[in-house]
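Please read the points beside the structure.

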Amino acid sequence: MFSRLHTTAALGLVVAVTAGVSQAQILVNADIAVSTTWTASNVYNLQRQIYVLPGATLTIQAGTVVASTTNIGGSLAVARGAQIVVQGTAKNPVIFTSEADRATWTGGNPRTGAWREAANEWGNITIMGRGYISSCIAGNTPAPSATNVHPMEGLVAAAPNDPNVLYGGGNDDDDSGSLSYLSLRYGGKVIGLGNELNGLSLGGIGRDSDIDHVEIMNNVDDGIEIWGGTVNLKYLSIWNVGDDSLDIDQGWRGKAQFGLIVQGYSVDAPQGSGVGDNCIETDGAEGSDYQPVTTGTIYNMTVIGQPVAGDHATAWRDNCRMQYRNSIFMDLGERVLGFDNSGDHSCGLLGYGANTTLSWAATWTTPYTAFSAVNAPANPAAFYRAQSSGNLNQITDSVFYNNLFATAYTEAVARGVFAAANNNVREPANSPIRSITRAPSAIKGGLALVRVTGLDPRPANDALSSVGFAPNDGFFSGAKYRGAFTPGILWTTGWTASEAFGFTPAEPWTDLGKSLAGTNGAPELSGIGTLAAGSLTTLTLRNGAPNTPSVFVAGGSRIDLPFLGGVLVPAPDLLFQINTDATGGAAISFNYPAVPSGSSLYFQQWVFDVGAPQLFAVSNAVAATKP
């Protein structure tokens with residue numbers, strides 16, 4: 001074990017030579033006690049478990065690489081009261097990885113490299129906040145309390161009662177910073193038996209923290225694990241992790257949208273330590289009757305499992321309440337809905353129904369507005385804000401495809417998942433994504449696995465449209481399709497290991513997304529994918545500036561301009577002005593243009609907005625291919 005140095009002076013400087021180019025490498029040996037910026041002109045090498053201490057902010061600029069010496073255990077932990085600000089972009093992500101991975105890059109270019117059967121080569125990023133959690137360790141209470149804290153998994157305390165390894169508190173609006181366009185590769189250092197680092201660990205993170213465009217590739221334990229708090233997450237890509245891809249515990253009360261999960265393996269080790277277990281595992285509350293209890297809403301997931309030896313698509317435990325909507329669940333293992341009626345035995349209670357809480361069956365028929373009176377907070381409606389419609393547990397507007405185990409749908413049918421009102425599609429004739437290829441079967445961890453080697457996850461067939469879509473609540477985007485990707489657009493372009501390794505396509509188009517936001521935030525454009533030639537088409541705009549002119553543009557390619565980023569090259573007869581209404585919305589109707597069959601077009605809205613950096617706020621893009 002080591003003793004942490006509470007100083008900022010212990011930095012080493014070496015010179016690395018990659019492909020004939022000298023590059024400064026910073027050896028990071030000390031905790032970060034004052035606000036610090038890491039830049040793309042250096043490569044940072046974590047020499048041990050590094051902490052960002054309370055009061056300090058670590059800012060990491062776009063294009064920065066943090067590549068740690070393989071197998072020495074370098075990791076980064078952000079303590080309560082500290083912040084991390086990762087400023088990656090689609091063209092210049094921030095990458096945390098190992099020197100062994102970086103050695104496979106051509107000329108130091110992170111868009112190159114080769115996939116390896118590997119993990120455990122460095123640590124992870126751990127962030128700790130002051131949001132409410134449920135934890136039954138000594139000193140905590142079953143009801144929500146600002147004094148309830150918990151030591152973070154995978155961290156080594158410098159001394160007994162070390163506050164910098166604790167998460168939890170009483171501020172659900174806590175701000176731990178932001179992560180954007182962040183790729184985490186080959187991590188998950190094993191600290192000890194049953195104590196392994198996740199790709200990204202989030203403990204008690206508040207809703208004022210921002211997390212979007214985060215990738216986990218090859219981790220020895222979970223991809224992302226969340227303990228309590230209220231943080232919301234958007235655009236997640238999780239591949240080949242050694243346990244659960246997304247794991248939720250201790251009363252998370254948040255939202256997530258646009259997530260790609262591809263289950264596989266990182267190393268040849270038992271399931272849970274190298275071979276994937278559940279795609280999504282959601283635990284409600286410790287003791288099952290403690291509060292807060294996990295209560296969340298997740299839209300637009302594309303979940304791709306292991307069809308031969310996979311475990312569950314979704315595992316439900318400890319009174320969890322979760323809603324899944326507009327998603328794709330395919331190639332999965334034993335159960336698409338796994339009822340694991342267990343609790344935390346150390347708390348002395350077991351599962352759903354403990355201490356007069358709702359039974360498993362009742363959570364599927366009880367409205368989201370029903371709050372348990374057992375160990376309840378004083379203001380439950382304000383405390384549980386992530387659900388706004390439907391029942392406490394629910395799966396709606398989703399596609400289930402190629403889930404061939406005899407037990408795949410048993411529990412889902414029992415819970416009424418395929419009732420007509422839920423608008424779910426079970427085993428359609430055609431795939432809901434464009435394409436998938438797999439390697440030959442290999443025995444890993446004693447199981448027969450078929451790793452995904454090629455994937456185009458953009459929606460197809462039944463996934464191109466849906467009945468329902470997310471509410472316009474300031475976080476969710478109104479995506480009226482199923483799965484994680486807009487028809488025709490890949491948000492994995494430019495910044496992910498999945499593209500660098502050739503798993504997902506390298507597309508010439510990069511969605512501007514939220515990069516040019518304005519008065520009402522980022523404008524949102526929604527519509528369907530494949531359009532009938534010559535038909536009248538309507539797309540919907542939301543979140544623009546109210547009562548303001550905007551320009552609707554369609555084009556087949558994009559050019560980059562200083563400050564503005566990407567601009568569509570207009571297609572014939574599809575460049576015109578339209579005014580937003582008092583809410584900042586608009587319905588854009590047009591006839592499909594006279595372009596050759598098979599042509600792909602991208603549609604985008606530019607809204608005049610004095611609140612935007614360049615006087616225009618720009619929507620996401622949607623795309624269509626002419627039949």
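Which residue stands opposite Ser201 in E19? It is Glu225.

1. This is a predicted model, in which local features need pLDDT of at least 70, side-chain atom pairs count only at pLDDT 80 or more, and totals for chains, interfaces and linings use all residues. Residues are numbered from 1 along each chain as its sequence is written, and side-chain values use heavy atoms, with hydrogens and water left out.

2. Strand E17 spans residues 200-203; strands (E, at least two residues) are DSSP runs numbered from the N terminus. Two strands pair if DSSP finds at least two bridges between them. E17 runs parallel to strand E19 (residues 224-227), with four bridges, and four bridges also join E17 in the parallel sense to strand E11 (residues 125-128). Gly203 of E17 is the bridge partner of Met128.

3. Leu200 and Leu202 on one side of E17, and Ser201 and Gly203 on the other, are all buried (under 20% relative accessible area, 1.4 Å probe, protein chains only). In a regular strand, side chains alternate between the two faces of the sheet.

4. Rings of Phe, Tyr and Trp (its six-membered ring) pair if their centres lie within 6.5 Å, and planes under 30 degrees apart count as stacked. The count comes to 30 aromatic pairs. Phe329 and Phe400 form a stacked pair, 5.2 Å centre to centre with 20 degrees between the planes. Because Phe329 lies in strand E27 (residues 328-330) and Phe400 in strand E30 (residues 399-401), the pair ties together parts that are 71 residues apart in sequence. Phe329 is buried, at 1% relative accessible area, and Phe400 is buried at 2%.

Technical notes: Buried means under 20% relative accessible area, exposed over 50%, partly exposed in between (1.4 Å probe, protein chains only). Rings of Phe, Tyr and Trp (its six-membered ring) pair if their centres lie within 6.5 Å; planes under 30 degrees apart count as stacked, over 60 as edge-to-face and the rest as tilted.
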